[in-house]
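Good morning, colleagues. Please look at the sequence and the model on the screen while I go through them.

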Amino acid sequence: MVKEQDFYGRDLISIKDFSLDEVNYVLDFARKISKNPKKFRDSMNYKMMAPLFFEKSTRTSGSFQAAMIKMGGNVFDFDPDLSSLSKGERLGDTLKMIEGYEPDLVVIRHPEDGSAKFAADVLSVPLINAGDGKNQHPTQTLLDLYTILDIKEEISNTKIVMAGDLKLGRTVHSLAESMSNYSGCKFVFVSPSSLKMPKNLLDKLNKRSINFYQKGLEDLESVIKDADILYMTRIQRERFPKGLEGEEEYKNISKNYNLNESMLKNLKPNFKIMHPLPRVSELSQDVDNTKYAYYFQQAKNGLHVRKALIYLLTGGMK
Amino acid sequence: MKDQIIGYIESGIVIDHISRGKVWKIAEILGVDRQTKGRISLGDGYETKKNGEVKGVIKIEGINLSNKQLNLIALVAENATVNLVKNGKIEKKFQVEIPRLLENIVSCPNFGCISNNSYEQVYSKINYNLNKKIFSCFYCIEEFNGNDLKFVY
């Protein structure tokens, strides 16, 4: 049985740091907070969070800060452009300086893979990874799981279509692996042939006898007919080689990847579309007003999940 | 053809049961080159008594092995055995073993990993899962097999 105090003082670097029961506990706790935010509005009084965003981020950073402030806590103001980092200070030294200010929690986003684990190794206070390079982004996975739960009351037995850049998109890797821990989930991976799910992830799903199949972008409209959720990701220009050839390849792929209102026919009544945002051309704005659009609610859910994590890792009312 | 296993040493090391073709890499790990004094024998392609597999053997006079070298040898030839020889007798014999945590011995193959950023001076830490025979970076948790390892000398 997982208990509230099991989380106290821990770090969250990767979703794998939590057992399945612990993940479910966090999701339940987030729901509890969302239903009764007033109960938690003073729970972070006199506590301070240090959000160390070494990369620009509006959504994640904003969501963490709002979560802390709405629970009565304080947020340490950190700007990497104004810090000694711009004078060439090493990350390890910056972290030790920050620790001297006695934060109760550190949230870090950094462009290098493994930087969050490195920071956790240096710091003695709890740390949440808000994205380390192309590596891990566990709070995104938790808010995605929370959103699925929000949509259909269970994560098990979900048929999900994941579309877009499945090769390099960390959110889809982490979500697929996490969902495979729940029974009866089915996956359809829709991508251009050059951006398919990595083989090691497919091998893991195969080993667990998970039901999945792969399709091309042209099949998007047909595969969503019997799905519960369509999880879209954008295809990033920077993933293609620089120069004209890369530009051509990117344009060819992205022109065939677009979901618009006219494609949303004969769907399951409770079908929903998720997207970690920002979107580019893959998701038309005319979808926003349909009952299937759920991506803005998904982004909103980040607040509840981050509140839950901040509360649990810092020991809540203590 | 019966093999005559290579030359005698008085004191030093004998590394036996080296996988075929790995003798030269191990010589490199041991820092053996033309300047090395004392007797050196490198042999490869010997048939083993057990199952007819072929193996390599190295004998070097007058050297000691560091822990780091032992770990590197284990990474190159997991089944190798080391004999420490003193006054013509084997004083100690043991099989090399890949440690569960390799610190600053091999680098993470993920170029984007913070442990490869020389400016940050983060020493590499690689975990080894003996059952799965898989390596993973302590920092970026990327998993990889032994062929992707790069040694830090």
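I shall speak about the interface first, then the pocket and the cavity, and finally some local features.

This is a predicted model, in which local features need pLDDT of at least 70 and side-chain atom pairs count only at pLDDT 80 or more, while totals for chains, interfaces and linings use all residues. Residues are numbered from 1 along each chain as its sequence is written, chains are lettered from A and ligands numbered from 1 in the order in which they are written, and side-chain values use heavy atoms, with hydrogens and water left out.

Let me begin with chain B. Its secondary structure comes to 2 helices and 11 strands; helices (H or I, at least four residues) and strands (E, at least two) are DSSP runs, numbered from the N terminus. Along the sequence the pattern of chain B reads β-α-β-β-α-β-β-β-β-β-β-β-β. The C-alpha trace of chain B spans about 50 × 35 × 25 Å along its principal axes.

How many residues of chain B are in contact with chain A? There are 15, and they touch 17 residues of chain A, contact meaning heavy atoms within 4.5 Å. The size of an interface is often given as the accessible area lost when the parts come together. Here the two chains bury about 1300 Å² between them, with 48% of it on carbon and sulfur atoms; buried area is the accessible area (1.4 Å probe) that two parts lose on being put together, summed over both.

Between chain B and chain A the count is 1 salt bridge, that is, a side-chain nitrogen of Lys or Arg within 4 Å of a carboxyl oxygen of Asp or Glu. The side chains of A:Asp121 and B:Lys125 meet in a salt bridge at 3.2 Å, N to O. By class, the side of chain B that touches chain A has 8 nonpolar, 4 polar and 3 charged residues. In this scheme Ala, Val, Leu, Ile, Met, Phe, Trp, Tyr, Cys and Pro count as nonpolar, Asp, Glu, Lys and Arg as charged, and the others, Gly among them, as polar.

On a 1 Å grid over the protein atoms alone, a cavity is a set of points where a 1.4 Å probe fits but cannot get out, and a pocket is an open set with protein on both sides within 12 Å along at least five of seven lines; lining residues have an atom within 4 Å of a point. Grid points are joined across faces, edges and corners, and a volume is the space filled by probe spheres set on the points.

The largest pocket has a volume of about 1600 Å³. Of its 50 lining residues, the closest to the centre are A:Lys16, A:Glu177, A:Asn200, A:Lys204 and B:Ile141. The lining of this pocket divides into 18 nonpolar, 16 polar and 16 charged residues.

The structure holds 1 cavity of 30 Å³ or more, and the largest cavity has a volume of about 40 Å³. Its lining consists of A:Ile235, A:Tyr250, A:Ser254, A:Tyr257, A:Val280, A:Ser281 and A:Glu282.

Finally, the local features. A:Asp203 forms a salt bridge with A:Lys199, their closest N and O atoms being 2.9 Å apart. These two residues are 4 apart in helix H7 of chain A, so about one helical turn separates them. The peptide bond from A:Leu277 to A:Pro278 is cis, with omega near 5°. A:Pro278 lies in the loop between strand S9 (272-274) and helix H10 (295-313) of chain A.
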